[in-house]
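Colleague: I am new to this structure and would like to go through it with you. Could we take it piece by piece?
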Amino acid sequence: MMKELQELVRPNIWKLKPYSSARDEYKGVAASVFLDANESPFNDTYNRYPDPLQLELKQKLERVKGVPESQIFLGNGSDEAIDLVFRVFCEPYVDNVVAIAPTYGMYEVCADINGVEYRPVLLNDSFDLSADDLLAATDEHTKVIFLCSPNNPTGNDLNRNEVVRVLENFSGIVVVDEAYSEFSQQRPFREDLSKYPNLIVLNTFSKAWGCAGIRLGMAFASKCIIDLFNKVKYPYNVNLLTQQYALDILKKWRTVNDRVGILLKERSHVIRAFSELTFCESVYPTQANFFLAKVIDADSIYSFLVQKGIIVRNRNKIVRCGNCLRITIGTPEENKALMDVLHQYSNI
């Protein structure tokens, strides 16, 4: 059973009076003369501040994601939402968070930046979680549990039943990062927000939507949690160029779906070919746009690829990922170039 939200939020944040931006104050009025925000009056498209709450974009996302606009937060990449989780809920040098390991590295980085103890709990040999192990790592000062599904760098979906057990048995906030959900067959947890008031789901424009360069992340949660995020965020955290580009790309959802289909087919081809390489020990199951492979000498293969101008991710030093490479699925041409170079390495 989740604690009352006020018990979880840092007292200073609960009492915080947010900065009131110029664009917030006249909401709902059809204004035509703007002399309130010390902007330049010379209208050159970008002379005005952007909508601080990105309402038009959220209305479009409501239709695409099936989440009410009041339950959507937009930030400068998902990393902003991750950081806000710490800033809203975790008292520095008092509280702690629990996360799976291995997983996305920004959870721990944000914990360190915010002075919050980070407690990693090892996944099993199949890179899956035990709800019991995660819950056993918590105490009265644990405010948040971070889960990533499909997980990065492993690529696999976490066992949904175990995630549900965490949601139902942890009294704090559970963050489920679904950055790669468009590549997975698992039902996204954002569809279960009404069941779990302690759930925050992260998503991004960087992966399936092909918009890593615009740095736009999403968080879905109860209206109360989203209101807290909006209270703490910087007033104009998502610039106008990003909002405009995102509105445009949302019109092209059929193209995005087609590209996801292409990447899934390419993923199968590349994994099959990679598995046949002499130095490949195993390729782990994946539901993302990348795969994790265990090889005989990850450092050597990685260095050889770099010399040939091909960059993958060496995960050799990550817990449970010894001698592992993480390889993103590219275009058919890029994937062929990768395999050609790997065959050269095999023949050395």
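This is a predicted model: local features need pLDDT of at least 70, side-chain atom pairs count only at pLDDT 80 or more; totals for chains, interfaces and linings use all residues.

Colleague: In which sense do β2 and β3 pair, and over how many bridges?

Modeller: Strand β2, residues 96-101, pairs with β3 in the parallel sense, and six bridges connect them.

Colleague: What is the order of the strands in the open sheet?

Modeller: The sheet has seven strands in the order β1-β7-β6-β5-β4-β2-β3, and the pairing is mixed. Its edge strands are β1 (72-75) and β3 (117-122), each of which pairs on one side only. On average, neighbouring strands of this sheet are turned by 20 degrees against each other, with direction ignored.

Colleague: And what does pairing rest on in general?

Modeller: Strands of a sheet pair through backbone hydrogen bonds, in either a parallel or an antiparallel arrangement.

Colleague: Let us look at β6, then. How does it run relative to β5 and β7?

Modeller: β5 and β6 run parallel and are joined by four bridges. β6 and strand β7, residues 217-220, run antiparallel, again with four bridges. For a residue in each pairing, V174 stands opposite L199 in β6, and V201 stands opposite F220 in β7.

Colleague: How many residues of β6 are buried?

Modeller: Six of the six residues of β6 are buried, so the strand is largely enclosed by the rest of the structure.

Colleague: Which residues lie on each side of β6?

Modeller: L199, V201 and N203 are on one side, with I200, L202 and T204 on the other; all are buried, and both faces of β6 are covered. As a general point, side chains in a regular strand alternate between the two faces of the sheet.

Colleague: Which helix lies across β4, β5 and β6?

Modeller: That is helix α8, residues 160-169, which lies across β4 (142-148), β5 (173-177) and β6 (199-204). It runs at about 155 degrees to β5.

Colleague: Changing topic to helix packing: at what angle do α11 and α13 pack?

Modeller: Helix α11, residues 253-275, packs with α13 at an angle of about 5 degrees, and their axes are 11 Å apart. The two helices are therefore roughly parallel to each other.

Colleague: Which residues make that contact?

Modeller: From α11 they are E266, V270, A273 and F274, and from α13 they are P332, N335, L338, M339 and L342. The residues of this contact divide into seven nonpolar, one polar and one charged.

Colleague: What about L264: where is it found?

Modeller: L264 is found in helix α11. L264 is partly exposed, at a relative accessible area of 23%. The C-alpha atoms of L264 and A208 are separated by 11 Å, while these residues are 56 residues apart along the chain.

Colleague: Now α12, please. Which of its residues are buried?

Modeller: In helix α12, residues 298-307, the buried residues are A298, I301, F304 and L305. Seen down the axis of α12, they fall within an arc of 135 degrees, so they line one face of the helix.

Colleague: Why can residues some places apart in a helix point the same way?

Modeller: An α-helix has 3.6 residues a turn, so residues three or four places apart point the same way.

Colleague: What covers the buried residues of α12?

Modeller: The cover includes β9 (290-295), β10 (313-314), β11 (324-328) and α13 (332-346). After α12 comes G309, whose phi is positive, near 80 degrees.

Colleague: Last topic, cis peptide bonds. Which residues do they join?

Modeller: One joins A101 and P102, with omega about 5 degrees; P102 is in the loop between β2 and α6 (106-113). Another joins S149 and P150, with omega about -5 degrees, and P150 has its place in the loop between β4 and α8.

Note on methods:
Residues are numbered from 1 along each chain as its sequence is written. Side-chain values use heavy atoms; hydrogens and water are left out. Buried means under 20% relative accessible area, exposed over 50%, partly exposed in between (1.4 Å probe, protein chains only). The arc is that of the directions from the helix axis to the C-beta atoms. Contact means heavy atoms within 4.5 Å. Axes are lines fitted to C-alpha atoms, for helices over the stretch in contact, and angles run from 0 to 180 degrees between N-to-C directions. Angles under 35 degrees count as roughly parallel, over 145 as roughly antiparallel, 65 to 115 as roughly perpendicular and the rest as oblique. Ala, Val, Leu, Ile, Met, Phe, Trp, Tyr, Cys and Pro count as nonpolar, Asp, Glu, Lys and Arg as charged, and the others, Gly among them, as polar. Two strands pair if DSSP finds at least two bridges between them.
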